[in-house]
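Subject: Structure handover

Hello,

Here is the structure for you to take over.

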Number of protein chains: 2
Amino acid sequence: MDARLPSLEFEHSWFLRFLADVIAPPSSLVALLGQEQATIPDVLLARTERFPDDTFLIWGTERWSNAEALAEIGRVAGLLERLGAGSRSRVVSVLTNQPAAIWSWLGTLWLGSEYVPLNHHHRGAILEDMLSRSRARILVTESSALPWLPALRETAVETVILVDPTGAEVESVVAFNSPAEVREQPAPVRPGDTACVLYTSGTTGRSKAVLVSHNQVVRGAARLVDAFGLRADDVFHNWLPLHHLGGQLHMTTTALIAGGAVALFPTFSRRRFWSEVAQARATVFCGFSAILQMLMSQPESELEKNNTLRVGIIAGIPAPIHDAFEKRFGLVIGENYGGTEADPLTAAGVAAPPPRGSFGNAAADFELAVVDEHDNPVAPGNIRQDVARPLVADVMFSGYEDDPRATLDAWRNLWFHTGDLATQDEDGFFYYKGRLAHAIRRRGENISTFELEQIVRSHPGVNDCAAVGVPSVLGEEEVKLVVSLNPRTYLEPEQLRDFCAERMAKFMVPRYIEIIDTLPYTPLGKLDRKALSTVSPETWDGGEIR
Amino acid sequence: MDARLPSLEFEHSWFLRFLADVIAPPSSLVALLGQEQATIPDVLLARTERFPDDTFLIWGTERWSNAEALAEIGRVAGLLERLGAGSRSRVVSVLTNQPAAIWSWLGTLWLGSEYVPLNHHHRGAILEDMLSRSRARILVTESSALPWLPALRETAVETVILVDPTGAEVESVVAFNSPAEVREQPAPVRPGDTACVLYTSGTTGRSKAVLVSHNQVVRGAARLVDAFGLRADDVFHNWLPLHHLGGQLHMTTTALIAGGAVALFPTFSRRRFWSEVAQARATVFCGFSAILQMLMSQPESELEKNNTLRVGIIAGIPAPIHDAFEKRFGLVIGENYGGTEADPLTAAGVAAPPPRGSFGNAAADFELAVVDEHDNPVAPGNIRQDVARPLVADVMFSGYEDDPRATLDAWRNLWFHTGDLATQDEDGFFYYKGRLAHAIRRRGENISTFELEQIVRSHPGVNDCAAVGVPSVLGEEEVKLVVSLNPRTYLEPEQLRDFCAERMAKFMVPRYIEIIDTLPYTPLGKLDRKALSTVSPETWDGGEIR
């Protein structure tokens, strides 16, 4: 018998107890509700009861107080109920960001139904597939989406609610603003019950339907409120789509919990951003790496000076511009790391910022680790997949709907596999290193496209770039680099190749290099890597690298 | 911003690191292999290389040294390979405990194939279903099982290997002892690869096919070796079926790691037990509550005096007889808690015994908690389901084959739900309280049949008993008690009812009481509750309890 074991047992048990003690509930949630788990209607009700006259939503020149918002939510719930929705039934939507998208979402939850908001950019077979999979009998949409809708008889949809009906349409659809009996009280739901089904973008394979519970949204938002010090006098500049967790959790539920107002915008506009901020007197904004870089690349303007913003919730702050961004715009930005399956997984925030470039360490509700392909932890400094595990119930997705195999694959060894590459430093801080699916496999080496691109971006002539894998005749892949250059810059592929060769491992140096005008991005700012991964006889080929 | 958060983050991160540091690998495994994860062939090879002449297996008067065992295992692997088995293919068996069951199991693994040992008690549709689900093309069985085998054309089985062929059968089957080229080296497999598919008994619904990895068996066995102080001079009295994890992990792989010998027996026999122990000079035995009670109920014998046993690995030691058992037989017994999905979940052992009646606290490789139906932890003293989570990779089953939904249901919130009821005391020790599925639901109360039965068993006239739920006209269930009495005892149902009423909550007191000669048990000692759960007009009915 090993003499260490008895004391080990003691330590271990003691640790678990201590660990349980230190998982303090989000203080903002406890302050609002006096409880550690909650539904979204719980939050709506508590917020409105305490501060009925505070502003909840700003849309251009229109404003809704908490009480007015709740009346509208109750009316939409009443309308949906009259049309046959109820506990556990589904409502699907195809909507751009607008107040009706907020009322549809919250009205559906108020009724105890589940909300399936689809990305309004989808078309054709994908949209039809998502509508069918949603199982919803009621669709809320807008007239601009009608030309793109598939034949609804192939889906379960029986009723279409139109947020902007014109004369020609009113006979076959229900107008969103139809009067309905206001449902005063929310249907009884549990914090762990499904609130939304959110489709992940599905860059690899069919998109997955993520089952998101009420508590996942509420508790995640409360953690952000605590970590970013969000307050009742904050105005949240929300351009994030409401069909994503970002629009729902990061920029709306946070406001409900903190007590602030949501200034809603249809999309991100680098041209309009500072005038929107000024008009709404916004104090909180959100975004990711590309948003920061877009704002930095704009010439300095009168509007940006003395802007009202004070804090930004950012996914992936490029370390080199972190300080410059804060200094130029007079605000602080902090890291947020997570995904539709669980968010935030770290609690970097702004009160205890991690080292520049790190997305923080594990949030209070999660364990986080970097593991190899067999789920064994790797030593600090190694770049492998990061995995997470909830320390409390109902803070992580409850599965991919109708895809238990994908869920199990994501949950093997009872870790949630994020699909991201990360590394951890000696102090426990995590650093993002790209998507696992975007790693290029060359001669037995895994190359992080993220890291390769970071090096290429450091070239003063490079505006944007992407590294992709292309099939190799030797098996596995070759590295292809696609670059767009800054104005008035001239660079030959050879020069870029030499620049790379001086700064990265030999196996990372791109064999193929293509210089193009603009890289292809999706409306949400995701790079379309597939469009880049072809090689033609015209593609510059540096030959086999030895 | 809550001022606790920064320090919380620090503490939390520090804890996880410390926790990782204290998960010491099983010292017996490191001592044997110098590694923390292993396959079963790794263990076989290391054991044989170091101690080729030590005894591995004892069967009556026959003995095999490690070297002889490995030669036999290599020959069986060669035979299976010649018959078409190979990496990742399946071999199914229907065998009673005998040396061929050991060689089939280990020979299959040596070849890199997966082993599916079926319980030889199965018959008819269940056996046919399991054979089909196994996907095996090779079946190893014995002549006594042939009458019960279904038509194999409905399965994937193409070849039958018979361990005891008679003249009449040799034409259609392959003899197990056919000469074959000995496979000297094991096929390359990883510790996380599937070693066995083990069917759980399926008392509720269809039995589930548990995917068990090499490492799960090896590391679990090594934890037992450490916790029970098992040694190279130990002889393991193994009557546990080799088609269960008990026979494989607890009583064979432990011996391989500790360096002891396995004395194999076909089944447990209370009559033969002490002579078997004497003949094999066994030092380690195993069993569960009923085995201890059977041995205690036997009159004292010459053989039991000065018996060679020194330690028992027991699942569920009844607290009242713990000391008396140890004293009477001059040995120590320790608790083992786990299931086919993960074992041992606790590391009670004998070196650091938990309080009497407790099955210990979490083993070094697991977290263990008691949670409510929403997976929220309950305070000490509450009886709810216990759940477990692995702290390292590949120590828990990787899923129920072909049943991802059952797997996900068992893994919700990324906890493995054991299906057991347990409670934890203020010091972190766990106490078994029966199966969740055996809880009786009466008027909104969950009644642990285990607890109810413990009280009834304390009646001096009661030999054995079972509490079962029977459907109530009021909805939910009524409590029925079935009792067998000690010899020369006479008891009326009313007396038992009054005995209960004085000692338990009103809602637990049985309404129906039946007195029978013997309770129905399966060969492995599991009570057949289904057979007891009927009520006829003849059943004594104490009426509605208010």
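Predicted model: local features only at pLDDT ≥ 70, side-chain atom pairs only at ≥ 80, totals over all residues.

Helix pair in chain B. Two packed helices are described by the angle between their axes and the distance between the axes. For helix H3 (residues 40-50) of chain B and helix H5 (residues 99-110) of chain B, the axes come within 9 Å and cross at roughly 105°. An angle of 65 to 115 degrees counts as roughly perpendicular, so H3(B) and H5(B) are roughly perpendicular to each other. On the H3(B) side, the contact is made by Ile40(B), Pro41(B) and Leu44(B). H5(B) contributes Leu106(B), Leu109(B) and Trp110(B). The residues of this contact are six nonpolar, no polar and no charged.

Helix H13 in chain B. H13 of chain B covers residues 449-457, and its buried residues are Thr449(B), Leu452(B), Glu453(B) and Val456(B). These residues lie on the same side of H13(B) because they cover an arc of only 95° around the axis. An α-helix has 3.6 residues a turn, so residues three or four places apart point the same way.

Arg90 in chain A. Arg90(A) lies in strand S3 of chain A, which covers residues 90-94. Arg90(A) counts as partly exposed because it has 19 C-beta neighbours inside 10 Å, while a buried residue needs 20 or more. Leaving aside neighbours within four places in sequence, Arg90(A) is in contact with Ser113(A), Glu114(A), Val116(A), Ser134(A), Arg135(A) and Ala136(A). Of these contacts, Ser113(A) is 23 residues from Arg90(A) in sequence and 5.7 Å away in space, C-alpha to C-alpha.

Regards

Definitions and conventions. Residues numbered from 1 in each chain as written. Chains lettered and ligands numbered in written order. Buried ≥ 20, exposed ≤ 12 C-beta atoms within 10 Å, placed from the backbone. Helix = DSSP H or I, 4+ residues; strand = E, 2+ residues; numbered from the N terminus. Arc of directions from axis to C-beta. Contact = placed C-beta atoms within 7 Å. Axes fitted to C-alpha atoms, helices over the stretch in contact; angles between N-to-C directions. Parallel < 35°, antiparallel > 145°, perpendicular 65-115°, else oblique. Nonpolar A, V, L, I, M, F, W, Y, C, P; charged D, E, K, R; others polar.
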